[in-house]
Amino acid sequence: MSRISRRLFSAAAAGVLSGAALATPGWAVPGPAAAHRDPARRRRGRRELRGMWVATVANIDFPSSPGLPAAEQQRELLGLLDLAVERRLNAVILQVRPTADAFWPSPLEPWSAFLTGQQGRDPGWDPLGFAVEEAHRRGLELHAWFNPYRIANHQDPARLVPGHPARQHPEWVVPYGGKLYYNPGLPEVRAFVQDAMFHAVENYAVDAVHWDDYFYPYPVAGQVFDDDAAYAQHGAGFPDRAAWRRDNIDRLVEETSRRLRRTRPGVRFGVSPFAIWRNASTDPDRGSDTQGGVETYDDLYADTRKWVREGWLDYVVPQVYWNIGFTVADYAVLVPWWADVVRGTGTDLFVGEALYKVADPAQGPPWHEPGELSAHLTFCEDHPEVRGHVFFSARQVASDPIGAMTRVVEDHYRCRVRPPR
């Protein structure tokens with residue numbers, strides 16, 4: 001791959017951030033003076049993850065629109081990597097399989113339409129390979145973000161390219177909520193989605209395999225996820241369908257963990273779940289003191305607490321996307337709950353931060369305070385299990401609404417540090 005010169009992220013994208021003010025090339029090793037200026041570093045005395053998600057589904061973060069020339073897409077990606085360096089981050093989580101498609105030349109799935117505007121069309125470059133090389137050149141980790149089961153954000157199989165696996169195997173597909181999903185209850189689906197992801201893992205020097213919060217789809221009122229045939233065929237021996245569905249996801253997680261440790265032992269495995277496993281009203285002994293309308297255990301059939309306890313994950317990034325003091329789901333309640341979950345397990349806890357909510361007119365007053373996110377990091381300093389934070393998403397890391405990200409950098413990220421390993 002030819003080397004492309006670095007460039008600073010454009011002023012329009014980077015908002016108020018000044019490269020001269022914040023850019024620090026290479027890794028800074030803080031001495032006594034730097035440690036005094038950086039209380040988080042002083043108190044923890046160890047490395048931490050500082051990451052940002054780069055979402056490609058629906059062109060949320062990258063590329064800015066489908067169909068851009070390859071050179072322009074490359075410039076945009078370099079800008080995001082440079083942005084991470086300027087913000088003193090050390091990891092980029094890049095979505096490379098958003099909808100059963102690929103941001104690399106995969107023999108199993110088509111090129112993503114989010115690159116070219118047409119599924120299956122070669123974009124003329126290899127985004128994943130380019131991202132890995134350029135991230136590492138900048139001292140950043142590159143975590144490859146996959147979505148296991150989502151096929152399309154529409155419900156028409158005919159819109160998929162003719163050779164798409166979902167068209168070749170219509171029995172694998174469940175339409176639900178206006179979207180198409182692979183059926184997690186079929187062993188052949190579980191094998192296929194692993195193979196699709198592992199092609200990237202085995203051919204690129206990624207630092208981690210990363211999944212988000214989508215397993216069984218979020219509930220849609222009045223609709224039923226039709227897995228009757230799969231349950232009839234494979235559900236014997238389970239007390240109910242919910243237990244069978246959880247076992248299907250457990251198997252995917254455990255098998256992926258084992259396969260990763262066998263084939264690429266240096267690559268980490270992380271999941272970023274919806275932060276409410278179960279409410280205490282549902283599970284008084286183990287649930288969190290929250291009143292969330294969605295519980296991952298009961299609604300997404302994702303027993304995220306079990307995955308940590310069983311040692312299947314190297315890290316977990318719960319999406320604690322609420323402010324401190326929010327009655328229904330308080331940041332100051334959920335972080336200690338997750339700290340207790342990971343304690344003694346060997347699984348690292350990073351906290352997902354809702355930068356996208358800052359200055360959003362639909363959000364309450366705390367999200368209009370420039371210091372809300374910085375207060376989150378300050379709160380976590382009293383919980384040594386928290387080993388870092390990941391911000392959603394890159395677009396807001398760049399635009400820096402009301403200076404919230406700059407405040408985080410000034411208060412907590414005065415020195416660059418290597419990510420924890």
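Predicted model: local features only at pLDDT ≥ 70, side-chain atom pairs only at ≥ 80, totals over all residues.
1. Start with the helices. α15 (residues 372–380) and α17 (residues 404–412) have axes that come within 8 Å, crossing at roughly 35°. The crossing is right-handed. On the α15 side, the contact is made by Leu373, Ser374, Leu377 and Thr378; α17 brings Arg407, Val408, Asp411 and His412. Sorted by class, the residues of this contact come out as three nonpolar, three polar and two charged.

2. Next, the sheet. It is open and has three strands, in the order β4-β6-β5, with antiparallel pairing. β4 (150–152) and β5 (173–176) are the edge strands; each has a single partner strand, so one side of each has no neighbour in the sheet. From one strand to the next, the twist averages 35°.

3. The largest pocket has a volume of about 350 Å³. It is lined by 18 residues, and the closest to its centre are Asp213, Tyr214, Gln319, Tyr321 and Phe392. What is the lining of the largest pocket made of, by class? There are 12 nonpolar residues, along with three polar and three charged ones.

Key. Residues numbered from 1 in each chain as written. Heavy atoms only, no water. Axes fitted to C-alpha atoms, helices over the stretch in contact; angles between N-to-C directions. Helix = DSSP H or I, 4+ residues; strand = E, 2+ residues; numbered from the N terminus. Left-handed = near helix turned anticlockwise from the far one by under 90°. Contact = heavy atoms within 4.5 Å. Nonpolar A, V, L, I, M, F, W, Y, C, P; charged D, E, K, R; others polar. Pairing = 2+ DSSP bridges. 1 Å grid on protein atoms, 1.4 Å probe; cavity = no way out; pocket = protein on both sides within 12 Å on 5 of 7 lines; lining within 4 Å. Points joined across faces, edges and corners; volume = space filled by probe spheres on them.
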